[in-house]
Amino acid sequence: ADPVPLQDTCVADLSSGVTINGFVCKPSNNVTANDFFFDGLKNPGRIISPLGTAVTPAFVLNIPGLNTFGASQARVDFAPGGVNPPHTHPRASEIIYILEGELEVGFITTANVLITRTITLGETFIFPKGLVHFQINNGVKNAAMLVSFNSQLPGIQSIAFTLFTASPPVPDNVLAKAFQIGTKEVDIIKSRLASIA
Ligand code: GLV
Ligand code: MN
């Protein structure tokens, strides 16, 4: 979880050039209700990714009042077959709540055990901090979930993109050895993921 707040509010001044751990607070006489408001989770996100998902964040960058708050949310919409691919949040545990449809979800423990099940409308699942996890819509209708984090900015490392689309690139021989494949296969994955990153 993020550090505890020392003030009632510390609405992020996102335009400040001052770099601290989080964001500097805007003067409290400039704070308004809109600093604590966001309507972006109301409607389904537009699914344009070939992964078949759309992630709509409600992080501190979207709700400046979340600065020092220690929590945030997101919404993820899934087309049939859509996947939120294996990823981690370095700064947050995660709780999901199904708004629509049904998802197969899972995380992998540090003992390399997959904990997985299917959850449906109105059901909750939790993902421990830092562990690799995913969700997939195996249904024939859309699905959607509300996501809650115990960080104002959980951070996302999407394993495939992290490894194969970093810039500068992770060396081919590192990935070839790690995945026990050839550098040709590495380059195929790199170019496919680059086109959808
Ligand atoms: C999206 O931000 C997620 O963690 O699913
Ligand atoms: Mn997640």
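Student: In what order do the five strands of the open sheet stand?

Tutor: This is a predicted model, in which local features need pLDDT of at least 70, side-chain atom pairs count only at pLDDT 80 or more, and totals for chains, interfaces and linings use all residues. Residues are numbered from 1 along each chain as its sequence is written, and chains are lettered from A and ligands numbered from 1 in the order in which they are written. Strands are DSSP runs of E with at least two residues, numbered from the N terminus, and two of them pair if DSSP finds at least two bridges between them. The pairing in this open sheet is antiparallel, and the order is β1-β2-β9-β4-β7.

Student: Which strands stand at the edges?

Tutor: An edge strand here has a single partner, so one side of it is left without a neighbour in the sheet. From one strand to the next the twist averages 20°, an angle between N-to-C directions, on a scale from 0 to 180 degrees, of axes fitted to C-alpha atoms. The strands at the edges are β1 (53-58) and β7 (124-127).

Student: Which residue of β2 is the bridge partner of Ala 58?

Tutor: β1 and β2 (residues 72-78) run antiparallel and are joined by six bridges. For Ala 58, the bridge partner in β2 is Gln 73.

Student: How many residues of the shell around ligand 1 are nonpolar?

Tutor: The residues around ligand 1 are Val 55, Ala 74, Val 76, Asn 84, Glu 94, Val 147 and Ile 156, each with its backbone-placed C-beta atom within 6 Å of the ligand. Ala, Val, Leu, Ile, Met, Phe, Trp, Tyr, Cys and Pro count as nonpolar, Asp, Glu, Lys and Arg as charged, and the others, Gly among them, as polar. One residue of the shell is charged, one is polar, and the nonpolar ones number five.

Notes
Helix = DSSP H or I, 4+ residues; strand = E, 2+ residues; numbered from the N terminus.
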